[in-house]
Amino acid sequence: MHAMTFAFGGLGSAPFPPDVQEHLVGLDRSSRADETPSSDAATNENSVLDLVGVRLSFGGVVALSDIDLSVGRGEILAIIGPNGAGKSSIINVISGVYRPDRGRVRLSGRDHTQVPTQALARHGVARTFQNLALFRGLSVLDNVVAGRAYRTRSSFIGQIAGSGQARAEQVDARDRAARVLGFLHLSHVGDRLAGTLPYGLQKRVELARALVAEPKILLLDEPMAGMTATEKNEMADFVRAARDTLGTTVVLIEHDIGVVMGLSDRVVVLDYGRKIADGTPDEVQANQRVIDAYLGVAPENDDGEGI
Ligand SMILES: Nc1ncnc2c1ncn2[C@@H]1O[C@H](COP(=O)(O)OP(=O)(O)OP(=O)(O)O)[C@@H](O)[C@H]1O
């Protein structure tokens, strides 16, 4: 087992530029400025997401075993671990794709286990996917507008007939989508077909589509996968900006340990479906069990450098 050196990927810690703040005027914060994470973010009183004794199995394979996890308001939490450790399973349990065999998922203290996936946004949760899930033949703006669909209250007939309410909702959705595009520095590609954008920008459009829903909790499944080092750093800055500016709580899965350690407030480590560590990046990096199970065999990063 060799000692690991961590590259933090040059993640910027400077506040987001003032021009970006302007794009956010009118977007609702999911929490107020005085609700930024406390050092005691994992306590249930302050948590926006709790997993209690969650177990998930597929036939004989136990994907998650007795997982307890609390995520504090405004926290950026990373879930890491070797392949097959259960990271995607946790995201899928939180987002309602999988129902746990046992245990509970609670959002702001309310039971969430039974919520169907299509109702997720109404419960304040939005997600991005490991593999891109954009409408490639639609414009970037229309893709982001689609992230507001759950807010639509006008009837289907009303939308076809162009009723006053439907028109107002459309205008509002486009206005908010345009502001999120500005926030993520994507305004210049708003009219482009999503499928024609470089991969890194498509990943950012996915982030935009999730953010336009103004989620309390943002679930990011490998948001930097396949990106260049520069794109990863930009993405990390945007995720941090979403938390800092909108108060969004972020749960992410990411394999690039440099990015994870630079971006996250807290890191949870899974191995064979069990939680083996839960602490600050510094604590987790120093944890021998984590080094043995994961960090000691961490893959090279995309630049071909050891991490
Ligand atoms: N739909 C499924 N059907 C059967 N087994 C599954 C299914 N989804 C996950 N598993 C199994 O559950 C375990 C956890 O898988 P999961 O995808 O959650 O791990 P992971 O940490 O996200 O892995 P990776 O880093 O490779 O994406 C693995 O053994 C996997 O084979």
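Predicted model: local features only at pLDDT ≥ 70, side-chain atom pairs only at ≥ 80, totals over all residues.
**Domains**

The chain splits into two domains. Domain 1 takes in 1–30, 42–124 and 214–307, while domain 2 spans 135–212. Where they meet, domain 1 gives 17 residues to the contact and domain 2 gives 13 residues. On the domain 1 side, helices α1 (18–23) and α7 (229–246) each supply at least two residues. Of the elements there, α7 gives the most, with four residues. By class, this side of domain 1 holds 11 nonpolar, four polar and two charged residues.

**Ligand shell**

Which residues surround the ligand? They are F58, V61, A63, G81, N83, G84, A85, G86, K87, S88 and S89. Strand β2 (61–72) and helix α2 (87–94) each supply at least two residues of this shell. The largest share, three residues, comes from α2. The shell has four nonpolar, six polar and one charged residues.

The table sets out the two sites by class.

| Side of domain 1 that touches domain 2 | 11 residues | four residues | two residues |

**Strand β6**

Are the residues of β6 buried or exposed? Strand β6 covers residues 125–128, and both of its faces are covered. V125 and R127 lie on one side, A126 and T128 on the other, and all are buried. β6 runs parallel to strand β7 (residues 217–221), and four bridges join the two. In one of these pairings, R127 has L219 of β7 as its bridge partner.

How values were computed: Residues numbered from 1 in each chain as written. Buried ≥ 20, exposed ≤ 12 C-beta atoms within 10 Å, placed from the backbone. Pairing = 2+ DSSP bridges. Near = placed C-beta within 6 Å. Nonpolar A, V, L, I, M, F, W, Y, C, P; charged D, E, K, R; others polar. Domains from an automatic or database assignment. Contact = placed C-beta atoms within 7 Å.
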